[in-house]
Amino acid sequence: MVDKIVIGERELTAFCEQVLMKLGVPPQDARVTTDVLVLADLRGIDSHGVARLQRYVSGLQEGYMKPTDHSTIIRETKATALLDGGQSLGQVVSRKGMELAIKKAKDTAVGIVTVRNSNHYGIAGYYTLMALEHDLIGMSMTNAAPLVVPTFGRTSVLGTNPISLTAPTMKEKPFVLDMATSTVPRGKVEVYNRLGKPMPHGWAVDESGKSSTDPAKVLNALARRLGGGLLPLGGEGEEFSGHKGYGLSLLVDVLCGVLPGAATGLQVYADEKKPDVGHFFMAIDPSAFRPLEEFKRDMDRLVRELKDSPMAEGQPRIYVHGEKSYARMEKYRKEGISLGPKVVENLRQIGARLKVPWPGP
């Protein structure tokens with residue numbers, strides 16, 4: 001049995017773009033949506049990579065994702081804006097939102113843009129990496145369908161609600177934090193299910209609220225709303241500070257849901273035809289606080305201080321967030337992107353239905 005299938009970034013990108021364009025997505029918007037998916041695979045976040053293409057195909061075919069951009073600015077000040085996504089593709093709306101936050105940060109030092117009535121936007125880090133291109137600090141968050149149980153609960157109420165923050169450096173790799181506020185994202189459970197492997201204890205709970213290692217059982221219970229779900233960052237109960245991950249997830253829902261007037265908690269995806277996902281984007285200009293070169297120099301110093309600190313026994317090195325992903329990007333761009341056989345088969349089937357030939361093996 002083949003463990004992985006390798007395909008070039010260019011070929012994979014072209015395939016996904018063609019699939020989206022077949023469904024009425026304009027070329028530029030197809031490129032943006034594809035860029036987010038492929039970047040996830042390049043950076044090793046395969047739970048949010050091209051394995052998710054079927055989600056967008058279904059959304060476009062069923063009508064709850066609009067193929068063209070219907071987003072509009074509802075309210076705006078010099079430093080802030082509220083966008084209504086118009087049920088457009090989340091990646092397209094979100095890139096527009098982050099671009100606006102960056103523009104405002106250049107004008108006023110800080111730009112904050114919130115979005116309501118949107119869809120799944122992919123990896124949070126895609127948007128904060130945009131800020132790095134302008135030597136800005138970037139922040140991105142989104143709420144999501146209820147998959148995470150609150151501490152001491154046994155029914156999912158909150159989403160995996162990711163947070164990303166990036167900061168520019170001088171010589172070191174930029175700081176790139178991109179994390180779910182659950183122990184793992186749902187996609188990681190799906191990966192284990194596709195591989196037919198039991199998942200580690202502490203990732204998710206069954207209908208009783210107790211830890212489970214059966215990914216199929218957990219996914220089935222989530223799909224049918226039978227109870228159970230993913231655990232917040234830290235895990236079960238308070239012993240390993242699961243309540244802190246629960247708090248972070250709730251923080252995201254406040255900024256992405258309550259602040260822009262999007263759905264929150266159980267209401268996100270309560271109506272399958274109108275998910276009403278909310279996003280939050282922020283860009284900060286470090287030069288508003290101190291000279292940019294000094295900020296970047298001190299970021300380098302902090303990174304080196306961490307990496308040069310004593311390592312735990314048996315460990316080869318200490319990493320700073322983003323380093324592993326940059327290394328994986330360099331490798332995959334040279335050698336091709338590694339995909340699981342089930343992901344490739346799903347992409348083949350999508351292509352066959354839409355008459356887009358699969359370009360790989």
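Author: Let's start with Y269, which sits in the loop between helix 8 (242-258) and strand 11. Bear in mind that this is a predicted model.

Reader: Why is Y269 called buried?

Author: The cut-off for buried is under 20% relative accessible area. Y269 has a relative accessible area of 11%, so it counts as buried. Its backbone deserves a look too: phi of Y269 is near 65°, a positive value in a residue other than glycine.

Reader: Is K355 buried or exposed, and how do you know?

Author: Exposed means over 50%. K355 has 67% relative accessibility, so it counts as exposed.

Reader: And K197, what makes that one partly exposed?

Author: The relative accessible area of K197 is 40%, so the label is partly exposed. K197 belongs to the loop between helix 6 (186-195) and strand 8 (204-205). Leaving aside residues up to four places away in sequence, K197 touches Y192 and P215.

Reader: Now the helices. How do you know that helix 1 and helix 3 are roughly parallel?

Author: Two packed helices are described by the angle between their axes and the distance between the axes. The axes of helix 1 (residues 9-22) and helix 3 (residues 53-62) come within 10 Å and cross at roughly 15°. Angles under 35 degrees count as roughly parallel, and helix 1 and helix 3 therefore get that name. Their crossing is right-handed.

Reader: Which residues meet where helix 1 touches helix 3?

Author: From helix 1 there are F15, C16, V19 and L20, and they meet L53, Y56, V57 and L60 of helix 3. Sorted by class, this contact has eight nonpolar residues, no polar ones and no charged ones.

Reader: What covers the buried residues of helix 3?

Author: The cover includes helix 1, helix 2 (27-42), helix 4 (90-108) and helix 11. The buried residues in helix 3 are L53, Y56, V57, S58, G59 and L60. After helix 3 comes G63, with a positive phi near 95°.

Reader: Which classes of residue make up the contact of helix 1 with helix 2?

Author: On the helix 1 side are E9, L12, T13, C16, E17, L20 and M21, while helix 2 brings P27, A30, R31, T33, T34, V38 and L42. By class, that contact has eight nonpolar, three polar and three charged residues.

Reader: How many aromatic pairs are there?

Author: The count is six aromatic pairs. In one of them, F15 and W358 have ring centres 5.1 Å apart and ring planes at 85°.

Reader: Why is the pair of F15 and W358 called edge-to-face?

Author: Ring centres have to lie within 6.5 Å to pair, and planes over 60 degrees apart count as edge-to-face. With centres at 5.1 Å and planes at 85°, F15 and W358 are therefore an edge-to-face pair. F15 lies in helix 1 and W358 in the segment after helix 11 (341-354), so the pair ties together parts 343 residues apart in sequence. F15, at 2% relative accessibility, counts as buried, and W358, at 13%, counts as buried too.

Reader: What makes the pair of Y121 and F281 tilted?

Author: Stacked needs planes under 30 degrees apart and edge-to-face needs over 60. The rings of Y121 and F281 have planes at 40° and centres 6.1 Å apart, so this pair is tilted. Y121 is in the loop between strand 4 (110-118) and helix 5 (125-132), and F281 is in strand 11 (residues 277-284), 160 residues apart. Both Y121 and F281 are buried. Together with Y126 and Y127, Y121 and F281 form one aromatic cluster.

Technical notes: Residues numbered from 1 in each chain as written. Predicted model: local features only at pLDDT ≥ 70, side-chain atom pairs only at ≥ 80, totals over all residues. Heavy atoms only, no water. Axes fitted to C-alpha atoms, helices over the stretch in contact; angles between N-to-C directions. Helix = DSSP H or I, 4+ residues; strand = E, 2+ residues; numbered from the N terminus. Parallel < 35°, antiparallel > 145°, perpendicular 65-115°, else oblique. Left-handed = near helix turned anticlockwise from the far one by under 90°. Contact = heavy atoms within 4.5 Å. Nonpolar A, V, L, I, M, F, W, Y, C, P; charged D, E, K, R; others polar. Buried < 20%, exposed > 50% of the residue type's maximum accessible area, 1.4 Å probe, protein only.
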